[in-house]
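Subject: Structure handover

Hello,

Here is the structure I said I would pass on. Please look it over alongside the notes that come after it.

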Amino acid sequence: MAGLKKRSLLLSGHATSIALEPEFWAVLDAMAAERGSSLAQLVISIDRGREGRPLASACRVAALKHAQG
């Protein structure tokens with residue numbers, strides 16, 4: 001897992017951890033700040049719309065879409 005940074009989050013009452021590259025965390029942190037929400041709230045919204053995709057992958061896609069958009 002070289003290059004990955006793991007963060008622990010409480011999502012809807014359940015503890016989970018996600019390992020992403022620091023660059024993705026930077027975009028997700030910026031997204032949360034822009035929305036005036038916490039990182040956990042942002043990840044909850046990503047989790048709700050991930051359609052069977054692994055959560056880490058869904059977070060990467062959300063960050064990519066945000067960066068492109």
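The notes below cover the strands, the core and the salt bridges, in that order.

Please keep in mind that this is a predicted model.

β1 (5-11) and β2 (14-20) are paired in the antiparallel sense, with 7 bridges. The two strands make a hairpin with 2 residues between them. Ser-12 sits in that turn and has a positive phi of about 50°. Across the pairing, Leu-10 is found opposite Ala-15 of β2.

Core

The largest nonpolar core has 19 residues. Those that touch the most other members are Ile-18, Leu-28, Val-43, Ile-46 and Cys-59. At least two residues of this core come from each of β1, β2, α1 (22-35), α2 (39-48) and α3 (55-68). The biggest contribution is that of α2, which gives 6 residues.

Beyond its neighbours within four places in sequence, Ile-18 is in contact with Lys-5, Lys-6, Arg-7, Leu-9, Trp-25, Val-43, Leu-55, Ala-56 and Cys-59. Two of these partners, Val-43 and Cys-59, are also on the list of core residues that touch the most other members.

Salt bridges

The count of salt bridges comes to 3.

- Arg-7 and Asp-29: the side chains meet at 3.0 Å, N to O. Arg-7 belongs to strand β1 and Asp-29 to helix α1, and the pair links distant parts of the chain, 22 residues apart. Asp-29 is partly exposed, at 31% relative accessible area.

- Glu-21 and Arg-60: here too a salt bridge joins the side chains, at 3.0 Å, N to O. Because Glu-21 lies in the loop between β2 and α1 while Arg-60 is in helix α3, this pair ties together parts that are 39 residues apart in sequence. Glu-21 is partly exposed at 24% relative accessibility, and Arg-60 is partly exposed at 23%.

- Asp-47 and Arg-50: these side chains form a salt bridge at 2.6 Å, N to O. Asp-47 is partly exposed, with a relative accessible area of 30%, and Arg-50 is partly exposed as well, with 29%.

Regards

Technical notes:
Residues numbered from 1 in each chain as written. Predicted model: local features only at pLDDT ≥ 70, side-chain atom pairs only at ≥ 80, totals over all residues. Heavy atoms only, no water. Core = buried A, V, L, I, M, F, W, Y, C linked by side-chain atoms within 4.5 Å. Buried < 20%, exposed > 50% of the residue type's maximum accessible area, 1.4 Å probe, protein only. Helix = DSSP H or I, 4+ residues; strand = E, 2+ residues; numbered from the N terminus. Contact = heavy atoms within 4.5 Å. Pairing = 2+ DSSP bridges. Salt bridge = Lys/Arg side-chain N within 4 Å of Asp/Glu carboxyl O.
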